[in-house]
Every structure is written in structure tokens, then in C-alpha cells.
Amino acid sequence: MKTAADQLCKHCGTHFDPLEPADEFCCGGCSFVHQLIHDSGFDQYYNLKGAKVTAPVKSVAFQKRDYTWLTESAHAAELAASNGAASLDLAVQGISCVGCVWLLERVFLRTPGALRASVRAHPGRIRLEWNPGHCDLAAFADSVRQFGYLLGPVGAENTVTNEFSGRTGLCGAFAMNAMAFSLPRYLGMEQDFALAGIFTMAAGVCATLAVLTGGSYFIGRAIRGLRCGVLHIDLPIAAGIVAAYLGSIAGWLLNSDSLLYFDFVAVFTFLMLAGRRLQSAAVDRNRGRLLGEALDPNSIRDPEGKPLPLASITPGTRFLSPPGQVIPVASRLIEDDGTVSLESINGEAEPRHITPGGRIAAGSLNIGRTPLVLEALETWDASLFRRLRESREEEARHPLLNRILSAYIAIVIVLAITGFASWWILSGDPARALQVMISVLVVSCPCALGVAIPLADDLAAARMERRGVFVRRSVFWPRLLRVRKILFDKTGTLTLENPVLENPDALASLKPDARRALLTLTFDSLHPVSRSITESLGNSGRLDPIPNSEVNEIPGMGVWFTDAHGARWSLGRPDWLAPAPPNSRTDAVFACDGIPLAALRFRDAVRPDAVSQAAFLQKSGFSLFLLSGDRPEKVRSLAAELDIPPQNSHASLTPTEKEQVVRSLDRGDTLYIGDGMNDSLAFSAASCTGTPVVDKGLLETKADFYFLGRSLKFLTTLLDTAKLRAKAVHRVAAFAVTYNIAAAGLCLAGLMNPLLAAILMPLSGVFTLAVVAAHFATPIRR
């Protein structure tokens, strides 16, 4: 039941703890977009969206992005246009429902020169068509950014998903035809019937095509696994397919109906492939929601504006770093002052003022309003940022599963050989003995597990999606069960991304023209204070900055502009252009012509439920750790607030030191949650990983899951879901063992035949699917 402390955001639908009872939105970004949708006449979006959870907008709507690449891509598309209309495919981040598809298409059609837009929700693609020379795609990208969507260049399509879709469809058709051609034989068709041979041959052709199309996937993976010394569930699946197919070929050649499993081969292959497709569907869908590395800069520009590949950077290379771009290599500032953020490197949110000649670390973010002219001090290959960006973890292997599969396969082979030898000796009929051996191999295929486990993965992922958590790897679930240590980064993970305005009443008391001037000073800025002010202004509804205003920045001091009436508006450090109130702590002063209008105070704030969640997790037996690059006094204060033992909190850590701490703690039982580039190496060392970041193109492509919203309440639901999935899988495994023992007994007794096998296989699959579905019918705990 929804309570005041468990509010649903009116725009995105995520859960949040309201600061005031009247709060309807989880962030200023959602409030801004909600008003923008209403003002634009797009209210139909909410009818189409329904109860679907989407990503909180946060500051995405307020931060301008560099779309130079899009202008160049559009120009190239116009040059290549041959039929009068130019077209371009783009990746989109933020699509989560049919409402998003509808909204993107409507926004584009309102763009001058636009012809049509075609959106594919999965894998997050939009195809634009326009009249060459009459459509500004960069302006369209900026428009949809204000609605919370990010556009990026199209990367490689998910070939695995496309492969599964094609294989599954073909195998489904082959399976239906194989069953149709086998049915007359089950209904009593005599062997001397004129079309009997043709029906059997047709069923064999369908089974052959199914093996070539779908069976080859499992056979190939089983062979590669054996070569690497790794056993997985694809091996018994492949063994069953091969045994049933070869036995059916032998039965066809020997004219023995008891060996004809052609329909079984086709149906079993289809079911296994459909199960595998289902297993990958959720994680592929969640991966497709993100632009990922499309947000990373793959090239920079020299001082003349020409593209400069990252690989060509050497010491002494001069280049430009536009606002909002990560500086890829350690550099020296050449001209003018600048402001950078080292948050992603050391966890400190405070901006750094850099003067000419000052050194800037790789991975720093230019949060100023003007481009920086820099000189590289190292090559791209030597850059820490390259190592952090390109580091990728390997999929975990499961030694216990290998041992279980080894024992299972050995038992099946022994039973099959024993049955073959016994029946040959006792009956003297090699064909009958061969039928017993093949039937043992066929019924021992893990059909129930092959369809039930993928369903459990899909239901678990869907369950978490309703809480704003998106799982990217199916192997995450069994690893999560072993977690006993939860490691948190500080800034942006346990604390909110931006500092919190302590006195929002100072903004509420401003006149409308002053509020608009303040938004003009902070809009599109990456400075943490500006982002916080912009979000706070957005909480009061839509507010547009003053157009054609040239905002000037003095790094380290503040920003200012002069409006059309000659008034000078400023926001900056106390006593810069306006005095601060005496005897009070003030972090920034907003003024007009030197007269203070608002004295603003900010503080770092933990996520609303971080304290209660930390207490619950520790009470549940989990050990909590705090790893941060921030200053020791800040880390100690937060650790004390969360009741994390002093020996479990670590401050002033470099990315490498974070990795070392994680490796020293990990025994296959760590969950690391972080949001910055300085967490990348630690991600590679932890058993499980998660991040609240979805728009930086780094950790979200490495994490096992990412989460939306500001709440940490999802952790208990995530852990409960892992246990629920494990319980369902254990029940299915117990049934599978019982079923295989009984089926193997029928085979060894000589009672199994192709018809019985064709009946038992789908029935066992349906039963296990029902078991899994019943387990996940449990409501989500709030």
C-alpha cells in the first residue's frame, strides 16, 4: 500500500520519500518535464505510459550536450540522399514504453523540415527522415533532451539477440511441420501406406533443418566449453539432440518406428532455443535502454576544430575540451582559467579552479562554460581513463555447477550403456537395445530446466523493473545469493548527486523575473551548485531562461549576465559582486546590480532512506563497507551516520586502491555499488556490481544492474527476489531429478517409445513453468 513515505513520482513512477507531504515529483527534472509535456499538448503520453516505471529525469533536462557529431552525421546523410529525403539512424536512451515512442515521433514531426520518424523501442533506435537543408537535427536532439531522452550515434546491433530471434522462428516452423508429418504415424498409419515413407522423410528433413538451425547453437557451445575445460547446461542439451537425431536416422535406415524421434528432435530444439531467447530477452532489453559507450568521446578536436582520434594523442598534443566533456589524458591548461570536477576520480564533489599552467588529471570533467585549451602530458595508451573505460570483467564460472553436470552426464552415460548392454544380452536384439539407450539419452535432456530457469530469470528481472531496477546479466542472480558484504561508494551513491539547497524558501520568495534570471545563470551548467539550483527551480514547474543572454563566467568566483534593460544579474561566492548576510553561513549569493536577493546554503545529503536501509541490512547479517576518494572527515561522518564500523570505512582512495580493498575482501561474496569512474576498477574486482548512473557511458555498461530514482529500498527487494528465484529453481530441479529417475526407469524397462516421449516432454515443461509462475505470484514487499 502506498504511504506518505513511499510516494510515486507523478512523472516517472519511481518510489521516493517526499520532503514535504505535497511533493508529487522525485526530482526537479521530473517536475520540469511534466510541465513541459502539458504545455506542449502531449498529455496523451501519460495515458500511453500507464503505470510503467521510467527513468527519473534528474538534471538531464537541464544539461546541454555537444551535438557537433550529429550535425556532421546529418550533413553526410544529406550528401548521400538520392530520393530527395535524407535519413539517419540514431540510438536513444530513455525509451521505456509506447508513450516514449509516441512522444519522440511527435516532437520530431514538430521540427521544421521533418518528414517522418520511426522508433524501435528495443534496442532503442530512431530513424529520422527530413528535407535536406531544412531540418536542424541538433535542435531536435536538444528538444528531446529537455524531455529526458539522449541521442547518440548507433553502435553495433545486438547480433546475439537477432540471431536468437531468427533461429527461434525457423525452429518453431520446423517443429510444427515435424509434428504434422509424424502425427499420422502416431494415429496408426500403416508402414505400407503409399505416403508413409514420404511423411517420415519430410519429418526427417524438418528435424535436420531444426538441428542445423537451432541445434548447432547448443552443439557449438558445448564443443567450445569442452575445449576450454568448462561444463555447462548446453552439453546435456547438445547430447540429447545429437543422440535423438542419430537414433532417428538409424531408425529410418533400419525401418524401425521405435527409433524415430524426428518430431522430438525438432520440438526439443525449439523449446530449448525459445527458453534461451527468453533468458536473454530481459537483460538485452535493459542493455538496450542505455547508450553506453556511445556517450564516450572517441575523438577530440584540435585548437582549429579538426577531429583528433584519441589514439593519436602524444605528449605535447594540444586539443580543446568543450564544456561537459571528460578530459581523456593528463594535461596542462594553456589559456585562461578553468573549472573542472574531480568527482569521478577522487569522489570529491567540490569544483577545482585551474589557472594557466595547472595540471589536470585524466578523467576530469570540464564543468565551466567555455572550452579549455589543453596540452597533453601523456599518450592515450598511458591514460588511466583509458584503463578505467576499457576494463571489462569476465563472466563468473561456477565450479559447483561444473561438478554437478559432470556427475549428471556420467550417470546418464553409464545408464545408457548399461541399458544397451543389458538388453542386447538378454534379448539378443541390437535394435531394441539401441532404442533403450537412445531413449535414456533423450529423456535425460534437461528440458524442464531449459525452459523453467529462463522463465525464472525473466520474471525476476520483470519484478525488479517494477521497482526501477534493471538487471543486465542473468548470471547475476546465483552470484547475488552468495553476497554477504555490501560495499558502497560515497558521493552519488549513498549521497545524492548534487548538494541539497538548505533554504529553498530563499528561491520561493524571489519575484518571477528574478527566478527567471537565476535560471538563466544556472541553466545548462554542470557545476554542482548550479545543478542543485536548477532542480530546485524546476520543482515549481516549468521555467524558461531569458533568451539571447550571454552568461559570463569567472572561474572560481561565479557567473553573471546583463539583461536587455541593463541590469546585471550575478551568482557567485559571497562578497564577490554582492555582500553576504553577516553572521550566517552562505555558500552562494544571487544578486542584481550588486544588491543581494538570495543567500543560498547547500549541504551534502545522504539518500533519504540510506540510514534505515543500512540498519536493516546489518541487522539481516550483511557487513557494510564505505569506500571513498573523499576526505577522511567526510567519510568518517557519513560512516558514523550509517553506523558503519570505523574499520570498514576507507577514505582518500585512488581507483587502484579501491580495487585492492575490494580484492582483499572478496571471497565471491561482495556487492559493490558505485557511480563514478573511480569505481571502475573496483567493479572488475567485485562479484556483483550495481550503479545509479545511466548517462555517463561507463559504469552502466559494466554493472550487473542499474537502478533509477533516489531510494535504496530496492536492495531488500533485490535480495528477496534472488532468494525467490533460487527457491523456484530448486523446486524445478527437484522435480527434474524425480522426473528423470522415473523416465529413466521406464526407458530401462523398455517401456519408453517416441510417442510417450513426445507427450512427457511438453507436459514436464508446462508443469515446471507453472511452478515458477506460482512462486513469482508473491506480491513485492514495500
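**Aromatic pairs and a nonpolar patch**

The structure holds 19 aromatic pairs. Rings of Phe, Tyr and Trp (its six-membered ring) pair if their centres lie within 6.5 Å, and planes under 30 degrees apart count as stacked, over 60 as edge-to-face and the rest as tilted. The model is predicted, so local features need pLDDT of at least 70 and side-chain atom pairs count only at pLDDT 80 or more, while totals for chains, interfaces and linings use all residues. Residues are numbered from 1 along each chain as its sequence is written, and side-chain values use heavy atoms, with hydrogens and water left out.

One of the pairs is formed by Phe 108 and Phe 140, which stand edge-to-face at 5.0 Å centre to centre with 75° between the planes. Phe 108 belongs to helix H4 (residues 98–109) and Phe 140 to helix H5 (residues 137–146), so this contact ties together parts that are 32 residues apart in sequence. Helices (H or I, at least four residues) are DSSP runs, numbered from the N terminus. Phe 108 and Phe 140 are both buried, where buried means under 20% relative accessible area, exposed over 50%, and partly exposed in between (1.4 Å probe, protein chains only).

Phe 181 and Phe 199 make another pair: their ring centres are 6.0 Å apart and their planes at 50°, so the pair is tilted. It links distant parts of the chain, with Phe 181 in helix H6 (residues 159–186) and Phe 199 in helix H7 (residues 196–227), 18 residues apart. Phe 181 has a relative accessible area of 28% and is partly exposed; Phe 199 is also partly exposed, at 21%.

Further along, ring pairs join Phe 476, Trp 477, Phe 705, Phe 707 and Phe 714 into a cluster.

H7 and helix H8 (234–254) each supply at least two residues of the patch, and the largest share, four residues, comes from H7. Val 205 lies in H7 and counts as partly exposed at 44% relative accessibility.
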